Each structure stands twice: as C-alpha cells, then as structure tokens.
Amino acid sequence: MLDKIRRKYDVVVVGGGPGGMGAALGARDSGAERVLILDREPEVGGILLQCIHSGFGLHYFREELTGPEYAERFLEKVIQDDVDLATNSYVSGIAIDSNGTKQVRVMNEQHGLFTVDTKSVVLSMGCRERTRGSIRIPGTRPSGVLTAGLAQKLVNLEGYLPGKRIAVLGSGDIGLIMARRLTLEGCEVVGVFEIMPYSNGLTRNVVQCLDDFGIPLHLSTMVAYIYGRDRIEKITVAPVEKDFKPDMSRARDVKCDTLLLSIGLIPENELSQSLGIHLDVITGGPRVSSTLETSMPGVFACGNVLHVHDLVDFVTQESILAGQFAAEWSRGIQRPMDNIRLVPGDNVHYCLPHTLSPEREHTIYMRCKEALKPCRIRVGNLMEKKLRFVVPAEMIMFKIKPDLLEKFYGDTLRIDLVPDTQGENDG
Amino acid sequence: MVKSEQFLCIGCPIGCPLQLQHKGGKITEVSGHECNRGAKYARQEFTDPRRSLSTTVAISGAKGTRLPVKVTEPVEKDRVTEVVRKIHELDIAAPVRLGQVLIHDLLGEENVNVVACRSMERVGSG
Amino acid sequence: MYDVAIIGGGVIGCAIARELSRYRLSTAVVEQCAEVGFGTTKTNSGIIHAGHHSSPNTLKGKLVVRGNQLYDKLCSELNFGFSRIGELVVAQDETEIPELERLKKNGEIKGVPGLEIWDQNRLRREEPNLSHRLMAALYAPSAGVINPYEFAFALIENAMENGVELMVQSPVLTIKVKDGGFVLSTPDRKITTRIVVNCAGLFADKIAQLVGLSDFTIHPRKGEEYMLDKRLQGLVRRLIFPVPLKHTKGILIIPTFNGTIMVGPTAQEAGDRYDVSTTYEGSEYVFNSIKNICPSITAQDTITEFAGLRAVSNSDDFVIGPTKVNGFINVAGIQSPGLTAAPAIAEYVRDLLCELGLVLEEKDDFKPYVPGPSRFANLSLGAQRRLIAKNPLFAKVVCRCELVTEAEIHSAIDHGARTLDGIKFRSRAGMGRCQGGFCTTRCMHLLAGRLGQPFHEITKRGGDSWMVTEMAAARNHRAKKGK
C-alpha cells in the first residue's frame, strides 16, 4: 500500500471500499488535485474482499466478476489516478474550524495520532450487521452464535469454519450465500429460518444457495431459544403468528453447533452523528441533497453508509457522483440549492436523494415496501415508468431528466409505486 | 403433450422468472426473459444444468492465508462437489496475479480453468 | 505445602486472597474456570448496597455495612471503577410508605449513613423520568456501583503481585485429609495445604462433601438482567429499587458504572447449577415490573441480556465459619449483599483463621497499589498522544465501537486474559454496538500469538466454548506436512 499521507487535501474519503474508491475516482475526474482514501483495514476493498462469489460488475463492467476482482479493478484505477491511500488508518473524529476546513483525526500505527486538513469529506464507512441483541433471543450465551458476515470473513479470509452443523437465522443474502459456501466446505446446513412469509434475499440466491443443495427454507418461523453451556448445542424454533409471536405449542428443537445471524445491515453512522449530521430514520443514513451532500456543508455520503445497497454497481455509480460533487465543492463551485423535496409515497419505503434541483439530471434510488407486479413508478404528475416487478430486496434506480423538473413549480415531489392495471408490459 | 418447466434465471441478480415448454424431450418455447442470457439459461437448465463456482485455496508467502479463486466457465451441477475437492488440493505460493491460471482445463474441458480472483504480493521470506 | 488454599476464584475468593497477601503466608487460589470471576461474579449486578435492606440479625446483614465502608480505600488502592451514585427505594402507593420507614429504621440501627425519606415533590425533582405516580422514596447516599469482574481482576492481580499463586482450569476433584493438612487433587496436580477456605460458590456444598461435611446445601437462584441501549444513559441517576419482596429486592433500575442502564434481576429458583438462560417469562416480568416505576423503559430498548445464578444456602444466609474438619473453613452461600460484603468477609475470614491458630505476620513489603488499566478512549488528546509516543500500538484500533487499541489488548493479556471474554471484560473490546463483529478475529489472532496457541484453539470463555474449527483440507495439509 502506498501509505503516503500529506497534511492538506482537497477531498478526504473515509472508507476504501467500493464506495470510497468510486468517490475518490469521481473527485479526481472532477478536478480535485489531492485526494486521500483512509481505510481502517490493512487493504482497501471493503467488504468485497470477503465476497468471493460472483455477481458483481454486470452493469458497470458488463462482466460478471467476483468481489475481489471488482475491488482490484478499482484499486488499479485508484493507483493510476494518483489517489493517496492510507490503510490501517482509523478515523476517530472530524472537527470543523471557522473557515469550514475539515480536520480529520486519524489513528495509524506508523504515524500515530494525527490530523489531515481537507476542504471536503466523503463519508463511505459502509455498514455493520445486526446482532443477536437487537432481536432479543432468550436462552444462554454460548460461543457459536455469530453474524453471517463474520462467518464469511472467518471462512474466506482466515480459512476456518465457524462450525460443522449450521443453522441460519434470516434469509438475507449474506445468510443464503454462506449456506452454500459452508455446504461446499463440507458443513451440514440444517436449515434457514425466516420470520417473514417470504425470503428477504434475491430469488437467485434462494435457488442457487438453498434449492440446489436441498437446504430447507422455513418461512414464518423464528428462533425462540438458544441453548448450550459453553458452545451452542441446539435452538428451539417455532412458527410465528400474525403478530410475530412464537406459537410455542408447535415449537421444536433443532440440534446445531453454530447459529448464523443474517438479520439485516445498519449503516455505520457513528462518525456522522458525532458531526451532528442529520440522519433519515428509515435509511439509517444521512439526509442528502441531490449533490449527495449531507446537512453539514462540504461533507458528502455514498454507498452503504448512506443506504444499504444490494448491487455494488449502484454503489459505484452513486459514489462517483458524490466524489464529483465533493471535488466541485472543494474548488469553491457552488451549485444552486435544491428547492424540491422528494418524498416517499405509496409503497415506497424510502427514496433518495431527499431534495432535488431543476437544473440537472438526477439519479433516484428507492425501495418498495411490498412486492408488486407489474407496476408503475409515478413521479408526481411529471412522469410514469413501467416496471415488470418490484421487491423490497432489490433497489430501484431510475433517472429524472432536467426538462421534466423545469415544468414543476411545486416544492414537494412525491414518488408512488402503483399497480400497473393497463395490461401488457413493454419489455 | 406439451409440458412446462419453471426456472428462476440466475444469470444476474434480477432473477427473471422463466417458463420453458417442451414436448417429447424437445424444447418448444421459452419465455419470461429480459435478455438473451435468460433464454439461454432456461435451455441450459433443462438440458445441461451448470453452476458458476468460486472458493478459496491455501496460499503461502502472502499477507493473507487464503486466495479466492473461480472457475472460468460454469461447471456441471452434479460435479460441483468433485470440482471443489479438486481445487482444494491446490497450495499456491505467492506472488499471484489476478487472472493467473492455477488449473488448466479442469475436468478435461478446454477453456475451463481455475483462476486467481486477486493479486497477492509476496511478503517476507516465508 | 501452602498455608492456605482458597477453592474458588470468584470475587469472594479473590478478596480473601488479597487480604491474606498482606501477611507472610503462602496462599493459593484454585479456580475451575479459565479465568477468575467467570462463575457468578461476572454476572453480578455490580451494586454496592447501603445495607438497610438486610436484617442486623443475619450474618449478611452484619457484614454489609462494614463492607460498604471499605470500598473507598480499596478503590483508591486497586483503581477499579466505583461510584457512590446513591439509591432510592420508591413507594408506588401509600401502603408502601410504612415499609420505607421500617427500612430507614433498620438501616439506622445498622449504622447506614444519610438515610432520608423524600416526598413526591423532591422525588420528581431529582428523578424526573420516574413515574409521577410514585409517592415517596427512601434515599441512601452510600450505595454505589462497580464492575464486579473489574474488581475481581484487580483483587487477584494485587494478590498475585504480593505472592499469591493462582491456578486456573483447576477444578478440585478430591480432598484427602492428611498429616494435619489437606491434599487437593485437580486434573493436573496435587496441592498440599494446611488450611482450606471453601469459596466455591455454586459448588461449595459439593466441595464440603469432599471432606465428608454435609451441614448445608446450595441451591441456585437465577437472576436475569437486561442491558438497555446507550441512548437511555442518564435516564435515572441513582439505583432505583421497588419496595422489597420477601426474598428478593425486586426488579431494579441499575445505572452501571459505565453509564449503561440495566434492569433486573429476576429471582427464580433454577433447575441446575449451569442454567444461565434468559427466558421470555423473565423478560416479561422485568419489563412489566419496571413499567410502573419508569414508564419510558420498554423491552424494545434491550441491547443484550444475560443471567447469573446466586449460590443460596438452605439457611438463606451466609455460611461462614470453621467446621468439624480441622482447618476447613466454609465461606459459602454468598448471595446478595455478597459483593458489598466481600471486603468485610475477607476481614472476617482473616480473623477466623487467626483464631484457628494461623500466624499472621504482616509483610513490610506489601504492595497495596494496582495502577488500573489505561482506557485510551477516556483520555484527553494530549494524554492519548503521550501514550502513542511511548507505544505505537496505542494508535492501532482493534475495537472500533469502544475505541480499544491493540496496546490495551496486550495489557489485558498481560493481566491475565486467556479467552475472548477475558479480553472483553478487561478492555471492553467486543462490548459495543457490533458485539465483536469487527474485532473478534483480531483479538483471536492476538491471543493466539501471545499464548502460543493455534487460532482454532482460542475460546470464548474456556471449557468447550471453541470459536472456529479447521477446514478439512487444512487438517489434512497439516497431517501431510507432519506438523
């Protein structure tokens, strides 16, 4: 790694995963002279380094790559583009002086505790996994209860198995992918237990990770107890009623020596909160304008820290944009303020960015609340777009062109997802 | 009599629901795909199902101890376990370059290789 | 031959060890778990009681106030966290007020300082987040909170510094009475000693049976506790107690020493001496009880839960004293207020041993101080920089959530951590929001390196609590290479 760190930068990017690398490239492209990526791991690449399965890059590279391949492509670009890279570097805080200069506090074994001054900052710290505590499973606290992501790290980076007889709680993609991975490594995956009546992950993963290996998916089922003195020995599972309470009369024990939790991701915004940046309670990430700027001037956000993504290609697209705007900001280029609020309507869980401006094109990212097919995205009364189907597990992305907003004189634009009742699709 | 099979395309994360109709062992119609990969996949799943495969192998002399690898072409679904076992016999020494071929012509099939999914530099004198 | 062998390295055993380490004696602590305090101690609520709850006619009632008084000196010497935040016993309706008066009188008889009855107005002013339906409260300023495992670690570290020997992973399997002493057998060795102090907690009756004594029995009583989200910090400033029930102080609101609020413990007779499971029923009971006292607290605020087992004797009191077997002392049945009484129990046992004829000659080179762990996250920037200048590993972050550095992990290992929980309890790594998701592999590597153990042999807390297992290929590989 380059580990060259100056004292003054135009743009500092916190996090060197696909989000951070994209932002750094976008910043360089947009004229920022000095760009620095800070990452707490020994290598950049973020979570991609442990995602050894393929499915990345289909949109961006028009190739199907594995996570590490996608990461290395970007690492090459980042090095080529003269971006400074500091690994093993943890950002412990950011202060802002009276001139608006951001002082990023870094901890690094080689250089100790030091500060880097920068004009703008891009936050791309990614997300962490929800833990057992957040869903409060009673029972004992033995070893062998861990998140699917930690299991993935142990298997793919460390070369160890989390156990031999595995139960998976939650049908999120990470759990499904680990079910397959562990089966291929000789483990027995006894089942995936999902509290909702449908799977949370991509259908592709249910087919390829579970059906292919005969691993049962138990929907509307929850883990009611965890047992084991030192190491987990069994779990008690029970079907859930409408109110998500377990029907203990139909509970049964499942013997296992490992329980993987794949119950959701939370954007890691402790640093953002310490800056007083306003967060959106639904996304868990910062509220951003159409330049992906947070409520703190000159601080931008992208990637999983802004909202949890499913396709890294979208992360790349989003982060390049964030980097471009961060670079503009560092050069003193002021964009006209957004004057349109974008709000989620029917069947829309959230939509980003939170505000728009009529002066340029926008990329809208959103998720639906419930599956619907076929359907239409309705953007106020300005535009409608047909979609074959929408599911909560798959982020929706579409563009709004500036000429559309030129005709809009209101201050709030609402996006709805409505059933398409007009017959055949056009696709 | 025309029979119908349902598949969920795994060609990409979109996952188009596909329908394949066949009569007397011959495919009569494929529908539901948004791109050609879907049609190709449905036919493939019916006649010769294959799976893409990635795993890790041991590597020495690098900063990490595992090297992610993949098979460049999808493997017969029924031979996946056998292939994984064969790949796990590999013990690579750093340095490795992204794309470097580690096993040529896996299972005797040309152009089906096992390649490194990342570069790993040699460190120290390990 | 040792002068004293203390069976059980919980807080009681460690407190006694530290007290005895003042004297020219050879003392050993024999602990069955991988580290001290890994039994009941680490699940204790951490409350240093004022002492007005227990009757002056019980041994536990007699020792609690003296124990409370000793904490200031101990804290200044051993540098563990201790804060006298005070306690309120709240009356939910008028019928409970006479009980407050009775507790106040009881406390005054025992010498509990500063007891005051607060009326509703004062209570609302001082603790605005408690239910406005509460009528009055009994305030006890001398109550406080500690981290019980931190206390045990500090005690044993100081004891060892002053010559006490600690043996872990050493369950006592048999005890032979021999030649005016005893021979204890553990899986690895035999320990000869003149005196045995039985502080074996949940297993104290079993240990006593090894020398043919059956004067008391221990039955476990489970307590479930629920830790609440950090954002509720400061919701209450003091320990909040309901008016007590017959054999339990009730469900409490406990601002732990680190500030995180905890609610509990339940009091449920447990089936077996290993059952530390939390339950739906326990959770319901806790949160229903709390609702009337602090309506802002709901079950959804829980971030983690755990349970511990109290070692309750059949007499429901401490069982401390000599026995028919010469030289065998029981220190058993130490339930609440055992943690508070611990320093007083140590003094009491020391005096007992003296009466039994043990010569207590004070050491003139006794070292009373333990410097306490440097918590990087709590230091000023200047202090952080100075630490980093001395040791660059203070700039290497291992636990992101609690900002714990690699230097502190090494320090935890230096001070006795042999397991992931040992690291967690000493450094706080793994206690934060991600619950070890980020730091687990790093801590395992550090432990493996320092202990000279392979990665896959690192455990969560000793025994069978393995973390990972080898891949088949790796195992075969090792076999082939003849490693």
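Which residues line the second largest cavity? In this predicted model, the lining of that cavity is made up of A:Arg40, A:Asn88, A:Ser89, A:Tyr90, A:Met107, A:Asn108, A:Glu109, C:Ala395, C:Lys396, C:Val397 and C:Arg442.

- The volume of the second largest cavity is about 90 Å³, and the elements that give two or more residues to its lining are β6 (89-96) and β7 (102-108) of chain A.
- By residue class, the lining of the second largest cavity divides into four nonpolar, three polar and four charged residues.

**The largest cavity: volume and centre**

- The largest cavity has a volume of about 600 Å³.
- This largest cavity is lined by 31 residues, of which A:Val145, C:Gln435, C:Gly436, C:Thr440 and C:Lys460 are the closest to its centre.

**The largest cavity: elements and composition**

- In chain A, the elements that give two or more residues to the lining of the largest cavity are α3 (132-135), β10 (145-147) and α4 (148-158), while in chain C they are β18 (302-313), α11 (420-427) and α12 (440-451).
- Among these elements, α11(C) gives the most to the lining of the largest cavity, with four residues.
- Sorted by class, the residues that line the largest cavity comprise 15 nonpolar, 11 polar and five charged.

Conventions
Residues are numbered from 1 along each chain as its sequence is written. Chains are lettered from A and ligands numbered from 1 in the order in which they are written. This is a predicted model: local features need pLDDT of at least 70, side-chain atom pairs count only at pLDDT 80 or more; totals for chains, interfaces and linings use all residues. Side-chain values use heavy atoms; hydrogens and water are left out. On a 1 Å grid over the protein atoms alone, a cavity is a set of points where a 1.4 Å probe fits but cannot get out, and a pocket is an open set with protein on both sides within 12 Å along at least five of seven lines; lining residues have an atom within 4 Å of a point. Grid points are joined across faces, edges and corners, and a volume is the space filled by probe spheres set on the points. Ala, Val, Leu, Ile, Met, Phe, Trp, Tyr, Cys and Pro count as nonpolar, Asp, Glu, Lys and Arg as charged, and the others, Gly among them, as polar.
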